[in-house]
Amino acid sequence: MPIYYMLFINNHNTSNTVEIMLRRCFLFLLCTAVVSYVEATVPVTATTNEINQLPRKKSVNPGAALYPRATETRDLRNLDGVWNFRKSPTDPEFGYKNGWFEQDLEKTGPVIPMPVPSSYNDIGEDASLRDHVGLVWYDRRFYVPIWWGQNGQRVWLRFSSVHYASQVWVNGQSVMYHEIGHLPFEVEISDVVNYNTSNLLTVVVDNTLLSDTVPQGTIRDIMVANNKVRLEQTYTFDFFNYAGIHRSVFLYSTPQTFIDDVIVNTDIQGLTGFVVYNVTYKSASNAQCVIQLFDKNGTQVAGSQDCAGLMEVGNANFWWPYLMHPEPGYLYTFKASLIGPLGELVDTYSLKVGIRTVTWSNTTIYLNDKPIYLRGFGMHEDSDLRGKGWDPVLWVKNFNLIKWVGANAFRTSHYPYAEEIYQMADEQGVMIIDECPSGDTDIFTDSLLEKHKQSLTELIRRDKNHPSVVMWSISNEPRSANYKADAYFGKVVKHVKSMDLSRPVTIAISQSYLNDKAGQHLDVICFNRYNGWYSNTGSLLNIASYVTEEATAWHRRYNKPVIMTEYGADTIAGLHLIPEYVWSEEYQVALMSEHFKAFDRLRRVGFFAGEFIWNFADFKTTQTITRVGGNKKGIFTRSRQPKASAHHLRARYHSLAAAESGAPPPDIAYYISDHKPPAHEEL
């Protein structure tokens, strides 16, 4: 262990944030096998992240660009299931000192079963696990098919999401470190796996959030009788900091020469679609690319023998949103193959692509050259028991409810969701505003900026080919009135534009249009405001005028399309009060109606591009007297049952779809009347 780290963790006067930062540095040093001496000093008055280190070269994990798939040349194993799990004691170094990564966890102490994927917080029955701050350990054993080795296949280990930071060992050897939850990372482990026996996979997860993490947070000691008993995490964002191995873990193989990335962009001219692509591969020698594009029936409609180029599709089927076209979500299959010098198939990879364009003016967002109006939700990747763990049952239900309501879009508030969710959105024609994990961004330091940009690098590499993704959101409710926000977000937007010019960039802004410093850098202005709830609580009288005036002011200041991305009211399902009163189902419906008045006025003006209610479903938050078991602004309960507001919103969204695209109005669920007078027989 580095001497400077031992000194600091044994110094009881050292701040928690310094301790945690050093822990992160230590994890990174272990993972990258850095053995050079690092000089570290702490100022006399240590504050968040005030640690000076001599520069050292870091190897940032680039994330994982391609979703793992089994193909003719690749094999795939899923490592989901019940793993062994243990919380770290108060001393975060205890597991390292005692070699927990060198042997099975069950050999060094008690373990509990932990499902993967899931958050660990709600699995147990005690508050200490739910509220744990710091390290936890997972492990399991796995086998590598012997034929992978016999065929000279590369072996890859991929985590779809671990929150927040993680270090991974295979057979006691550190193979990777990754920071920033909600995004995938992978590493080749060909040189450390065994083929004739089982392999030990160990993961340590750190959920602490600091001033330079994405998102940010603060840490303090909880003391009992002058003894430190635990850490307490605080943060300003309004959702629970679930942690653990949240999404699937994959073991997969590729040939030695393999496709590394695929980038697809599309264009439209009349009825013709164009697919512009770039396929990159890693190899010691050259290979030839064969590119094929298949329609839904499996018929090849275009092809090429170049690794980068353009394919033309006559009379193409374009990708359209739900209720905007009779066949929404039309997808082609893009297949890339590498051919060796003897004509042999070396590697192949396929993905679904949609032919569509997204463009924008100072008033309007266009999809396939047609104006679109986004009607949707803010959402959360949150459910009972699983926390933020990927759950296909939950998300099939979510999409059924999204379509039942008549929505055509949602925002991944406030972090990237599981890749499978984007695949569903592609298939069902639901548009996504894709948001990175930067929430309530503050203290605009250079170190935070680098991690913020890194989160967007990994996000765009992962989601660039999804036709459902129509916009990048680079932050939610940052402190954009701070004068530093100007240069900071200017650099973030420039970074996004360096990677993708095909989608507009936005921020969900909560600051006043009079003080905001970030909007000038954006393509679309999104704003969050809680009239009738956080401001003028209980008053419905001025909501419509306030919303209309503020949206108009945003457009006048920046001359850009405007979307309201959050509005709403907490509502206890089953609480009914007449006249309407805060927390009742009646008040939520009444507040929505006042917003609808404003939205309709704004729709007639021409610059207003969408409405997103907060929230799709109730979700868990930290404990506070302003929350009753969590945030209750959902139009559905956490168990996905409708409140009165769900029926109200359904009537509006289907009505909007009918007016805009000729979609049929919603069926009346229960018979009411034939609207005819009664017959009377004369005497």
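Me: Why is Cys-289 called buried?

Reply: In this predicted model, Cys-289 has a relative accessible area of 1%. Buried means under 20%, so Cys-289 falls in that class.

Me: What makes Cys-289 and Cys-307 a disulfide?

Reply: The criterion is a pair of cysteine sulfur atoms within 2.5 Å. The sulfur atoms of Cys-289 and Cys-307 are 2.0 Å apart, so the pair qualifies as a disulfide. By this rule the count comes to one disulfide. The pair links distant parts of the chain, 18 residues apart: Cys-289 belongs to strand 19 (residues 288-294), while Cys-307 sits in the loop between strand 20 (300-304) and strand 21 (308-313).

Me: Why is the disulfide of Cys-289 and Cys-307 called right-handed?

Reply: The torsion about its S-S bond is about 90°, so the disulfide of Cys-289 and Cys-307 is right-handed.

Me: How do you know that Cys-436 is in no disulfide?

Reply: The nearest cysteine sulfur to that of Cys-436 belongs to Cys-526 and is 13 Å away. A disulfide needs the sulfur atoms within 2.5 Å, so Cys-436 is in no disulfide. Cys-436 is also buried, with a relative accessible area of 0%. For Cys-526, in turn, the nearest cysteine sulfur is that of Cys-436, at 13 Å, and Cys-526 is likewise in no disulfide. With 1% relative accessibility, Cys-526 counts as buried.

Me: What makes Tyr-581 exposed rather than buried?

Reply: Exposed means over 50% relative accessible area. Tyr-581 has 55% relative accessibility and therefore counts as exposed. Tyr-581 lies in the loop between strand 33 (562-566) and helix 11 (585-605). With Leu-575 and Leu-577, Tyr-581 forms a nonpolar patch on the surface, and together they have about 270 Å² of accessible area.

Me: Why are strand 5 and strand 10 said to stand at the edges of their sheet?

Reply: Six strands form an open sheet in the order 5-4-6-12-9-10, with antiparallel pairing. Strand 5 (112-116) and strand 10 (173-179) each have a single partner strand, so one side of each is left without a neighbour in the sheet. The twist from one strand to the next averages 30°.

Me: How do you know that strand 9 and strand 12 pair?

Reply: Pairing requires at least two bridges between two strands. Strand 9 (residues 165-170) and strand 12 (residues 199-206) have six bridges, in the antiparallel sense, so the two strands count as paired. Trp-169 stands opposite Thr-202 in strand 12.

Note on methods. Residues numbered from 1 in each chain as written. Predicted model: local features only at pLDDT ≥ 70, side-chain atom pairs only at ≥ 80, totals over all residues. Heavy atoms only, no water. Helix = DSSP H or I, 4+ residues; strand = E, 2+ residues; numbered from the N terminus. Axes fitted to C-alpha atoms, helices over the stretch in contact; angles between N-to-C directions. Buried < 20%, exposed > 50% of the residue type's maximum accessible area, 1.4 Å probe, protein only. Patch = residues over 30% accessible without salt bridge, like charges linked within 9 Å, V, L, I, M, F, W, Y side chains within 5 Å. Areas by Shrake-Rupley, 256 points an atom, 1.4 Å probe, with all protein chains shown as cover. Salt bridge = Lys/Arg side-chain N within 4 Å of Asp/Glu carboxyl O.
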